[in-house]
Amino acid sequence: MSISADYLDSHPQKRIHHQSIHHRDEFWLKAASSIHWHQPPNQAFGRSHSGSDYLDDRSCTWFPNARLNTCFNALDRHIYPPPDKNAPPLTPSPLTPHLSLDRAMADKPAFHHVSPLPFQKRQSTTVTYSQLLDHVQLLAGVLRHKGVSKGDSVVIYMPMIPETAMAMLACSRIGAVHSVVFGGFAPKELAKRIQDSRCKLVLAASCGLEPKGPLPYKPLVDEALRLSTHKPSSGLLFLRRHTIQGHVPEQVRTSPPEPGSLPEWDWELELELTRQGKEGRSPCWECVPVASEDPVYTIYTSGTTGAPKGVCRLSGGHAVALRYSIEHVFGMRKDDTMFCASDLGWVVGHSYILYGPLLLGATSILFEGKPVLPDAGIWWRICDRYRVNQLFCAPTALRAIVGQDPESKLMRDPNLNLRSLRALFLAGERSEPQIVSKFERLLKELGAPCAQTNDNFWSSESGSPITGLMLSSAFGPLPARPGSAGLPMPGMDVRIVDDEGSELPRGSMGNLVLKTPLGPSFLGGLWMNPERFKKSYFERFRGKGDWFETGDQGVIDEDGQ
């Protein structure tokens, strides 16, 4: 399809991007109005008076001096909507029976958990918004009873199950900083993350699921805690999974810990004791407000020295950017269902399995499995059953599906209806043009009218796409171009420079960098390590443009893609 240069130059995505960079306050304060604040911002980007460790060199940050709670925006405000944007963010409790309940939202699915491996006895579960809120209030109460409070770090080592998402939201509810580690990581790598995070508590499940069977996590966690010189003072909260054939979950130690050992707590028992109000326990009814520049989570990315880097996501920019992008970049509507086939242990899972869809009030799929098990049609059956509107995956998964089903017979199964599917998003690695073109054709044949593929580029540091094509209900998207990862996203000031930091002409390969200030979803620093943050991302081009270094190479063509 041929697109004229005039059309490209005048396309709304380019104009929106220009406004987000050059009229920052106007653009991002309007985006921030979709978030319910404890203390609303009056400036999009500027100086903070908090003294936070996660400000730039000029003490600036996104939405300075504002306050919010991410869990409130993901749960409470949907079920008990405030009457207007200036209303106090009240939460449901025995003291607030007057709050107006939105019954439709309360009963709406927040998650569909799909776990199709044969040794899983419960292969699908639906969790409604009200059920999720109830569990999060209880779990937040457990965390608080174990001494976790605002600003504390909590490591979560769990598989793709609803309880992992609940744990993340429970941390957010009390202002703690969660750090999810991909389930199954080796004890040595888990120990590094426990060590660097200096966490107060570790949350773990008894097993994850692999194609050959359940993988017990308790021995891995025990070894990691032995290797780490930092010992979480509140110990281990342990979830025992009971629906896995051939898996007998280990018991926690219920007797007082021996000298030098850590306390262990049974997840289900602690929830029940909290529900009953035993020994001073209670659900956490309130949502603790945090500063916009306070971290909502850390996620560890590999470091070149062998020590992982704790990418720190800041609360205000994170909430605003994800709420904006889920609607205007991914094209989600409140009644949509997102199937992001990533993992909550990765940044994509944080953003578009959990926070993005829930900030909108939509539904998300939690998929605990592999793209070709039990066969290469499992994803298409999920899309049919749950009327999925957006599918987000890595190109590797599509290659595996094509390898087992080269003629796409399972996708073309006459018993399936994929007409709800409006978009297929690709990220995580380069998407070769052949795979993009193949699924572009399949979507046009089987998906919703005007369905398209959408390759986007981002990183653990960015928190949301740096480039891609916007799928907004307000305008038609640009057509996908196989081999291109699209145009810069709002807030992302992308440049291509040589090794001396000088900008290169269009069409030239060079270093892909960003001009500061970084977009609202970007990291605000590295956890408790400001010097490493500067060295890792700004040292190379210091005094040579002072660009943020992504570590990637790229080309911007004449059309800006």
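Predicted model: local features only at pLDDT ≥ 70, side-chain atom pairs only at ≥ 80, totals over all residues.
Q: At what angle do helix 6 and helix 7 pack, and how far apart are their axes?
A: The angle is about 65°, and the axes of helix 6 and helix 7 are 8 Å apart. From helix 6 the contact draws on residues including Leu 132, Val 136, Leu 139 and Leu 143, and from helix 7 on residues including Met 166, Leu 169, Ala 170 and Ile 174. By class, the contact of helix 6 with helix 7 has 12 nonpolar, 2 polar and 2 charged residues.

Q: What makes the contact of helix 4 with helix 6, and how do its residues divide by class?
A: Cys 71, Ala 74, Leu 75, Asp 76, His 78 and Ile 79 of helix 4 meet Tyr 129, Ser 130, Leu 132, Leu 133 and Val 136 of helix 6. The classes are 8 nonpolar, 2 polar and 1 charged. Asp counts as charged, so Asp 76 belongs to the charged class. The crossing of helix 4 and helix 6 is left-handed.

Q: Is the crossing of helix 4 and helix 7 left-handed or right-handed?
A: Helix 4 crosses helix 7 in a left-handed sense. The angle between helix 4 and helix 7 (residues 162-174) is about 115°, and their axes are 7 Å apart. Thr 70, Cys 71, Ala 74, Leu 75 and Asp 76 of helix 4 make the contact with Leu 169, Ser 172 and Arg 173 of helix 7.

Q: How many cavities of 30 Å³ or more are there?
A: The count is 4 cavities. A volume of about 100 Å³ belongs to the largest cavity. This largest cavity is lined by 13 residues, with Ala 321, Ser 325, Ser 464, Met 489 and Pro 490 closest to its centre. Helix 11 (residues 315-328) gives the largest share of this lining, 3 residues.

Q: How do the residues lining the largest cavity divide by class?
A: They comprise 9 nonpolar, 4 polar and no charged residues.

Q: What lines the second largest pocket?
A: Its lining has 32 residues, and Leu 55, Asp 56, Asp 57, Phe 533 and Phe 538 lie nearest the centre. Strand 25 (523-526) supplies at least two residues, as do strand 2 (60-62) and helix 16 (530-537). The volume of the second largest pocket is about 700 Å³.

Q: Is the peptide bond that joins Leu 373 and Pro 374 cis or trans?
A: The bond is cis, with omega about 5°. Pro 374 is placed in the loop between strand 17 (363-367) and helix 13 (378-385). A cis peptide bond also joins Thr 516 and Pro 517. Most peptide bonds are trans.

Terms used
Residues numbered from 1 in each chain as written. Heavy atoms only, no water. Left-handed = near helix turned anticlockwise from the far one by under 90°. Helix = DSSP H or I, 4+ residues; strand = E, 2+ residues; numbered from the N terminus. Contact = heavy atoms within 4.5 Å. 1 Å grid on protein atoms, 1.4 Å probe; cavity = no way out; pocket = protein on both sides within 12 Å on 5 of 7 lines; lining within 4 Å. Points joined across faces, edges and corners; volume = space filled by probe spheres on them. Axes fitted to C-alpha atoms, helices over the stretch in contact; angles between N-to-C directions.
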